[in-house]
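Colleague: Hi! Could you walk me through this one? I'm new to it.

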Amino acid sequence: MWKPDRKSNQPLYQQIADDLEQRISYGEFPPGSLLPSERKLADQLGVNRSTVVLAYAELRSLGIIESRSGSGTRVSRTKWGATPKHTPNWHRYAEGGNFLPNLPFLRRIRVALEQDPSIIDFASGELAGDLAPIDEINAIMNEKQNTSYWGYDNPQGYMPLRQALVSFLKEYRGIHTTESSILITSGSQQSLYLITQCLLSPGDAVAIEDPSYSYSLPMFQSAGLRLFRLPVDERGVQPEDIRSLFKKHKIKMMFINPNFQNPTGTLLAEERRKKLLDVASELGLPIVEDDPFSLTAYKGTPPSPLKSSDAIGSVLYIGSFSKIAASGLRVGWMVAPHSVVERLADARQQMDFGLSVVPQKVAATFLESPFFDPHMDRLRSTLLYKRDLIIEVIQKEMPDLVEYHIPDGGLHLWCKIVPEVNDTKLLDAAIQRGVIFVPGSVYGSDSSYVRLTFARARTEDIHTGISRFAEALRSTLEIEN
Ligand SMILES: Cc1ncc(COP(=O)(O)O)c(C=O)c1O
């Protein structure tokens with residue numbers, strides 16, 4: 001977001017007035033629309049409220065905006081909307097469509113992170129700079145490109161990346177597939193979106209883990225799906241639960257994140273994997289295996305995906321570069337039967353003509369480069385270091401207030417707050433102290449859980465972040481009791 005330049009010779013209020021005038025003239029704030037309150041804008045821009053009062057006074061004197069007591073400050077209709085021209089009611093349009101807005105907690109987190117970049121971030125589910133292969137990717141991007149044509153590519157994905165993935169999936173994930181069974185997507189998120197939009201219909205019942213990353217996605221509700229819960233214990237979901245849900249609700253598909261699950265970090269137990277595949281094949285039930293974390297296993301051989309034992313083709317396998325390399329590349333993939341890949345690639349052609357070739361080239365080169373293995377070794381050992389560090393500090397700062405299961409892979413620590421706590425108040429108290437996390441209710445749990453992501457914060461900030469969190473928790477518990 002734009003911020004006034006404190007080094008400029010122009011007064012801050014004048015810069016703010018000029019910026020607002022420009023945004024109004026571009027139609028960002030149409031005639032009659034409500035502008036942010038003085039306090040809110042001051043918070044957003046990091047200035048005193050009196051500076052915004054002056055900026056608004058300047059715009060009022062020019063007739064650009066109008067203030068009426070009790071109804072806030074609005075863009076003037078007389079100046080900008082001289083009748084008989086009518087501006088469309090963009091508010092009403094913005095509320096239309098089938099896509100539901102994000103969950104309020106997630107919007108609150110996004111705004112807090114935008115407003116204060118120095119906040120210690122235990123909320124974003126991604127890698128910090130010390131875990132991502134920044135130098136390696138920069139080196140690949142700086143290589144001279146000898147591409148002679150930059151036209152539309154195959155919406156199914158750039159062929160050299162699909163070829164690189166065939167070898168990668170065989171070598172690292174034990175999955176045997178072909179280029180024609182792979183669809184490249186804009187992260188795993190788009191795979192989930194395509195599945196909910198193209199393979200399911202409104203009213204269909206689907207089973208998801210409880211808690212689950214899927215609960216944080218209104219995309220399931222936007223697609224009109226009915227969600228049913230499969231409780232996750234410390235060994236994952238119980239295969240028999242899917243059988244009873246199937247009978248009761250005619251479940252059409254099951255979504256599962258079996259390896260270092262988001263948010264709990266659990267690993268689906270070996271005997272349950274086998275049983276789950278047996279139950280799915282008996283019922284003819286498709287399983288969507290969302291597997292962004294398995295290669296982060298801190299020690300030993302990473303767990304095998306369900307897909308590697310899927311002899312009859314029940315599993316749609318989703319992978320991504322986000323949690324092992326760089327989420328900003330937006331490179332993900334799906335391995336699926338050819339008919340599914342064709343259907344989804346056709347949808348991609350209608351939606352966006354496929355992912356940009358540029359990140360696909362980077363991903364293909366990185367996967368086949370000598371950088372990949374050393375990067376993965378460093379990623380695993382640094383994640384382990386950060387996991388141990390966060391646990392050590394939690395033990396020091398709030399040993400009797402939280403319980404957790406220690407994950408063997410992934411980016412998150414799922415914590416139960418032992419005394420009951422109001423998560424809205426806890427999040428506010430944490431943000432005030434300069435630290436942020438995701439309340440467990442976002443993932444369908446009750447409010448006594450929180451997800452602390454240790455991968456995103458800088459190693460040197462983990463101690464301070466947990467101290468701040470502990471302080472926020474104590475103050476929330478004191479207020480409540
Ligand atoms: C389980 C799971 N699936 C999918 C995603 C989406 O990731 P991306 O679209 O960046 O690959 C995430 C992101 O946090 C996740 O945790």
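Modeller: Over residues 10-78 the chain is 54% helix and 12% strand, with helices (H or I, at least four residues) and strands (E, at least two) taken as DSSP runs numbered from the N terminus. The end C-alpha atoms of that stretch are 29 Å apart. This is a predicted model, where local features need pLDDT of at least 70, side-chain atom pairs count only at pLDDT 80 or more, and totals for chains, interfaces and linings use all residues. Residues are numbered from 1 along each chain as its sequence is written, and side-chain values use heavy atoms, without hydrogens and water.

Colleague: What does UniProt say about residues 10-78?

Modeller: The unreviewed UniProt entry annotates them as "domain: HTH gntR-type". Such annotations may be inferred rather than shown by experiment.

Colleague: New topic: how many residues line the largest pocket?

Modeller: It is lined by 36 residues, and G125, Q189, Y213, L217 and K323 lie nearest its centre. The elements giving two or more residues to that lining are α6 (104-115) and α9 (187-199). A pocket here is an open set of points on a 1 Å grid where a 1.4 Å probe fits, with protein on both sides within 12 Å along at least five of seven lines, and lining residues have an atom within 4 Å of a point.

Colleague: And how many disulfides are there?

Modeller: The structure holds 0 disulfides, meaning pairs of cysteine sulfur atoms within 2.5 Å.

Colleague: Is C415 buried or exposed?

Modeller: C415 counts as buried because its relative accessibility is 1%, and buried means under 20% relative accessible area (1.4 Å probe, protein chains only). C198 is buried too, at 16%.

Technical notes:
Buried < 20%, exposed > 50% of the residue type's maximum accessible area, 1.4 Å probe, protein only.
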